[in-house]
Amino acid sequence: MTHVLKHAEAITRYRDHTLVDQALVSSLIEILAPRRREADIRLFRVSNHGRGLQAELTARNNGTDVEFVAPGPQEPVPPSLKRAMTLQVVTMEAVRVAPRRTRHFYWFPVISDGEALACLELSVSRPLSSIATTLVDGMIALFRNYLGLLQYSQLDTLTRLLNRKTFEDSLQKILQAPDSCAGNQPDNERRRRGPETDDWLAIFDIDYFKRINDRYGHVFGDEVLILVAELMRGVFRQQDKLFRFGGEEFVVILRHTSEKNALNVMERFRHEVENHLFPQVGQVTVSIGMTRILGYDSATTVIGRADEAMYFAKRHGRNQLRYHETLMSSGELSSQRIMNMDAEIFIGGDSDN
């Protein structure tokens, strides 16, 4: 019992989701297979919103140790995992891997209040005993409940997107990981790894949101915020991070994709909002600014670039996406112009959104 309590303490020691995931996998390996090679465990974070079921591998044991899996290109959801999450029950399968060797696979769904959170895939050389199954169930229940507490502190209460404090932590973590930003690597290294390793920051603002509140009231204004958040979930991937920055301003961190794909998905989102019929309000539009996250950036610098591009979009017609790097290379956004924009923003030159 003391051994199990030690692992329970390890799982609840962290606030970072990746460390919590690693602690769960590490604990289960030590409980089920002290020699580690007897079991393989993979943990997937799962969501089921507008894009359907999405799964992202976040932690696994590699035979000798537990490793964090960095976000990569979106991959299809494994059929067995999809079945377990759809049925919301533990599923099992025996697979013959050699003439006299069989592996037993188990998929444990992690569901909280009907919301898909994660799925644990366990592969062992012998079927789990009832005691072992009970132990896994108990550890997953602890993991599920702790995730619920973390989400409560990390989510915006209205939109259920990640909140501003979580955004600051997430961006800082990306900037501190030297291999996570391809923009910090030599050109030959980026070509070798491909463009799918870049990260991007986009900030967008709902156009004329103050007028919506003034004309229709805050109840309909809140509904617009909630529906915009739902449209975000429907467009972006599991590995992308979605935040409500404050008021009518939102942030998206696009993970590990190319410049072309990042621009395309942000433009697709802009169209989704423009073409959506909002109850009572009708048409709503957004102005978006985007920039690449570079390894040598500070949080203030990267946010500032995206913010400058967004305000440029608002001052040049709204309902558009502007990319900071293009604005700079074309001369549309110069250093002097940035200073003028900052001064106007400071004195409230664009208070009507």
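Asn 163 counts as buried in this predicted model, at 15% relative accessibility, where buried means under 20% relative accessible area, exposed over 50% and partly exposed in between, with a 1.4 Å probe and protein chains only. The residue is found in the loop between H4 and helix H5 (164-176); helices (H or I, at least four residues) and strands (E, at least two) are DSSP runs, numbered from the N terminus. Not counting residues up to four places away in sequence, Asn 163 touches Ser 153, Gln 154, Leu 155, Asp 156, Phe 243 and Arg 244, contact being defined as heavy atoms within 4.5 Å. Although Asn 163 and Phe 243 are 80 residues apart along the chain, their C-alpha atoms are separated by 5.6 Å.

One of the residues touched by Asn 163 is Gln 154, which is found in helix H4 and is buried, with a relative accessible area of 10%. Beyond the residues up to four places away in sequence, Gln 154 touches Arg 15, His 17, Leu 161, Leu 162, Asn 163 and Thr 166.

Because the model is predicted, local features need pLDDT of at least 70 and side-chain atom pairs count only at pLDDT 80 or more, whereas totals for chains, interfaces and linings use all residues. Residues are numbered from 1 along each chain as its sequence is written, and side-chain values use heavy atoms, with hydrogens and water left out.

The protein as a whole contains 12 helices and 11 strands, and buried residues make up 49% of its 353 residues. Among the contacts with a separation of 6 or more, 63% are accounted for by residues 24 or more positions apart.

Five strands form an open sheet of mixed pairing in the order S8-S9-S7-S10-S11, two strands being paired if DSSP finds at least two bridges between them. S8 and S11 stand at the edges, each with a single partner strand, so one side of each is left without a neighbour in the sheet. Direction ignored, neighbouring strands of this sheet are turned by 20 degrees against each other on average; axes are lines fitted to C-alpha atoms, for helices over the stretch in contact, and angles run from 0 to 180 degrees between N-to-C directions. Helix H5 lies across S7, S8, S9 and S10, and runs at about 130 degrees to S8.

Within this sheet, strand S9 is largely enclosed by the rest of the structure, because six of its six residues are buried. In a regular strand the side chains alternate between the two faces of the sheet. In S9 both faces are covered, with Glu 249, Val 251 and Ile 253 buried on one side and Phe 250, Val 252 and Leu 254 buried on the other. S7 and S9 run antiparallel and are joined by six bridges; Trp 200 stands opposite Leu 254 in S9, and Asp 205 stands opposite Glu 249. Strand S8 (residues 241-246) pairs with S9 over five bridges, also in the antiparallel sense, and Lys 241 stands opposite Ile 253. S8 and S9 form a hairpin with two residues between them, and Gly 247 in the turn has a positive phi of about 60 degrees.

The largest nonpolar core holds 32 residues, of which Met 232, Phe 236, Met 266 and Phe 269 touch the most other members; such a core is a set of buried Ala, Val, Leu, Ile, Met, Phe, Trp, Tyr and Cys residues joined through side-chain atoms within 4.5 Å. The elements that give two or more residues to this core include strand S9 (249-254), helix H8 (218-235) and helix H9 (259-275), and the largest share, seven residues, comes from H8. Leaving aside its neighbours within four places in sequence, Met 232 is in contact with Leu 161, Phe 204, Leu 242, Phe 243, Phe 250, Val 251, Val 252 and Phe 269. A second, separate core of 31 residues includes Leu 24, Leu 120, Tyr 146 and Leu 150.

Helix H2 (residues 17-32) and helix H4 (residues 130-154) pack at an angle of about 170 degrees, with their axes 11 Å apart. That makes H2 roughly antiparallel to H4, since angles under 35 degrees count as roughly parallel, over 145 as roughly antiparallel, 65 to 115 as roughly perpendicular and the rest as oblique. The residues of H2 that meet H4 include His 17, Leu 24 and Leu 28, and those of H4 that meet H2 include Tyr 146, Leu 150 and Gln 154.
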